[in-house]
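Subject: Structure for you to look at

Hello,

Here is the structure I promised to pass on. Please open it alongside this note, and read on below for what turned up.

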Amino acid sequence: MCGIVGYIGKERASTHIYDGLSALEYRGYDSVGISVIDERIHTIKRSGRVNTLKEYLNILEGRIGIGHTRWATHGKPTQINAHPHNCGVFSIVHNGIIENATQIKHNLINNGHTFISQTDTEVMLHLIWDNYNSICSENSANNSTFIDMTVDSSAHCDITEQVTIGQQPNTVMQEGDCCMDPAYLVLLAINRALAQLSGSFAIALLCEHCKDCIFVAKRSAPLLIGLGQDNAVVASDVCALGGGCDNALVLADDCVGAVYIDKVCCYDINMDAVQLTSMSIEHNRVQHIDKQQDYMIMEIGQCPLSIQDTMAGFGQGVDMVSFSRFCRTIDRIMLVGCGTAYHSCVTAKYLIEAMANVSVEVDIASEYRYRNPIMHSKTLFIAVSQSGETADTIFALKLAKKGGLTTMVITNAPTSTITTIADYVFITKCGQEVGVAATKSYCGQLAVFISLALLLARIKLNTDTTSLEQQSALVHAQAKSIIDNQQELKALSNIVADSQSVFYIGRNIDYATALEGSLKLKEITYMHSEGYPAGELKHGTIALISDKSLVIGIVTVKHVADKTMTALHEVKARGAKVLLITCFAQYLQDEVVDYHYLLPYSPSLFMPLLSILPLQLIAYYVAKGKNYDADKPRNLAKSVTVE
Ligand code: M6R
């Protein structure tokens, strides 16, 4: 969570940083700030979204700067807690969590530091400042020749005079106090601070003693560096690097670096100089759309194309000979993900077991990584992540790799961290997804799983999948017909909006769809909702059903359809209203059905691609009806890079 960006160039830094932050806003949007450096550091920060800074860009004149868009972990989303944080000669932006911040803060307070925010970032900064002062003192004690440092060490100002700058500790480095390259001293200070920190982080830091560079460091959080013709950019994600760079330099964990306009000096944990690895990047900038339209509705509209392109591109860039050879040997598949990605895994369990007779286990990534999972070499481990940056999913994948499992990832982000870890990388061809609610990426993930289920059926059971493959070519057209006729769903959204609680129920793959439909509704409408296996209701949850409840039954799997209908009778008997979503027309006449939506019919392998669409559309229209921002729901971020 949180997006960081830095710019060094010949143009006004604040404008470039603002553009970068706008691109990174999907990572968090509760507060925002920019620091630039000319003779001094100038900082402006605000609670609220990136556009709250727009009016200040003209007064931030420096050519070097850093910026941050925040998703609060430590401390409320106030202006004081917003980044950048300043202390001594430094200004810092940070993405991540410092897990031992409380202990370090305690020690620093005992050493005379005072803090003005509740953030772990301010603690980290004071620790760097503390180390810097110690290093400079050691250095000046050992040397008699001082270099001239044209620095005013009290130099901080907030142009808007609305932010109090952090107190400096008692020891303040003075002008001319050291003889070594000041940039090296800063890097050493950061390096020493890192050794004292636990957690994950990516940082960018300005120092008034080094006015020609941005300092960077990272551990288990993304940070890329792009060198252009006459600028350098650092950012949490490729999308904020700007069009000028064709390659990104990747900082390794626990390395520290100084980024200049034309070069990067990087050191490893032992302060030995290291070369950065370079990767070519595809610029996938989001096209700005007519502001009358939300990204979410546009992205639901792109589901049919995502399905088509992802199925057509299945296995592109993968060594399918080696992958298929390994798949022949497996007797188990382990699937992990978070949120929507987890729901695609739940769907995949039903699909793969039914099609290929391979045992599939599913887990939430944050559970898997802490449960000491049993690992067998005949297991294919699959991690699913739209962003490829979800911390828990990455750690689960690393754990599986460490345990010797063969690993595969399904992601929508070809240059994301997760792609650098797995043995096989399958890309969903959805294009960048901006809305926080995952929609087209869910369809893309399902499309990969369906293609995988067909592949496994062929190579493990010798199944002739020709007719199913022919059918798959029709699914995107069926999906498009749902999108094209969404007025009916818009009308149904009023019924949903008027309910106190909404229960989504289904069996088999319809249960997985129920989970995802419920998540869509709660995350963008803030309504109480639950996704439940239809057979499980009467083991407790049915106690919640009343005449203020709406139960949405999803019925697309023939052999369990009657059973879900029975559950609908049971909730109807307790006063609930019933909305039935089915591809079987005969159930529409059932007396318990108050409202219905008829899906196009397809073999059950493909039905999850169709049955989710009305649920996404209903959630969207409920949010619109309530005047909520469907693209940026409260408390959420698109990419969850902290655990
Ligand atoms: O980028 P990822 O797929 O790893 O993200 C996982 C979840 O954070 C994500 O699916 C989240 O649940 C969405 N907001 C759901 O719409």
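Predicted model: local features only at pLDDT ≥ 70, side-chain atom pairs only at ≥ 80, totals over all residues.

Which residues of strand 1 lie on one side, which lie on the other, and are they buried or exposed? Gly3, Val5, Tyr7 and Gly9 make up one side, and Ile4, Gly6 and Ile8 the other.

Strand 1 and its partners

Strand 1 spans residues 3-9, and seven of its seven residues are buried. It pairs with strand 4 (residues 64-70) in the antiparallel sense, over six bridges. Within that pairing, Val5 has Gly67 of strand 4 as its bridge partner. Strand 11 (residues 231-235) also runs antiparallel to strand 1, joined by five bridges. There, Gly6 is partnered with Val234.

Strand 21 (residues 501-506) and strand 22 run parallel and are joined by six bridges. Ser501 stands opposite His528 of strand 22.

Aromatic pairs

How many aromatic pairs does the structure hold? There are twelve. Two are described here.

Phe90 and Trp129 are both buried.

Phe323 and Tyr424 are also edge-to-face, at 5.0 Å centre to centre and 70 degrees between the planes. Phe323 sits in helix 7 (residues 320-329) and Tyr424 in strand 20 (residues 424-427), so parts 101 residues apart in sequence are tied together by the pair. Phe323 is buried, at 0% relative accessible area. Tyr424 has 11% relative accessibility; buried means under 20%, so Tyr424 counts as buried too. Phe323 and Tyr424 also belong to one aromatic cluster with Phe314 and Phe426.

Charges over rings

Two contacts of this kind are worth a look. The charged end of Lys398 sits over the ring of Phe395, 5.4 Å from its centre. Arg634 lies over the face of Tyr526, 3.8 Å from the ring centre.

Helix 12

Helix 12 covers residues 466-484, which is 19 residues. From its first C-alpha to its last it reaches 29 Å, close to the 27 Å expected at 1.5 Å a residue. Where is the kink in helix 12 centred? It is centred on Leu474, and the bend is about 30 degrees.

The buried residues of helix 12 include Leu468, Ser472, Val475, His476, Gln478, Ala479, Ile482 and Ile483. An α-helix has 3.6 residues a turn, so residues three or four places apart point the same way. Keep that in mind when you view the buried set, from Leu468 and Ser472 through to Ile482 and Ile483.

Best wishes

Key:
Residues numbered from 1 in each chain as written. Heavy atoms only, no water. Phe/Tyr/Trp six-rings, centres within 6.5 Å; stacked < 30°, edge-to-face > 60°. Buried < 20%, exposed > 50% of the residue type's maximum accessible area, 1.4 Å probe, protein only. Helix = DSSP H or I, 4+ residues; strand = E, 2+ residues; numbered from the N terminus. Lys NZ or Arg CZ within 6 Å of the ring centre and 35° of its normal. Expected span 1.5 Å × (residues − 1). Bend = angle between axes of the 7 residues up to and from the residue. Pairing = 2+ DSSP bridges.
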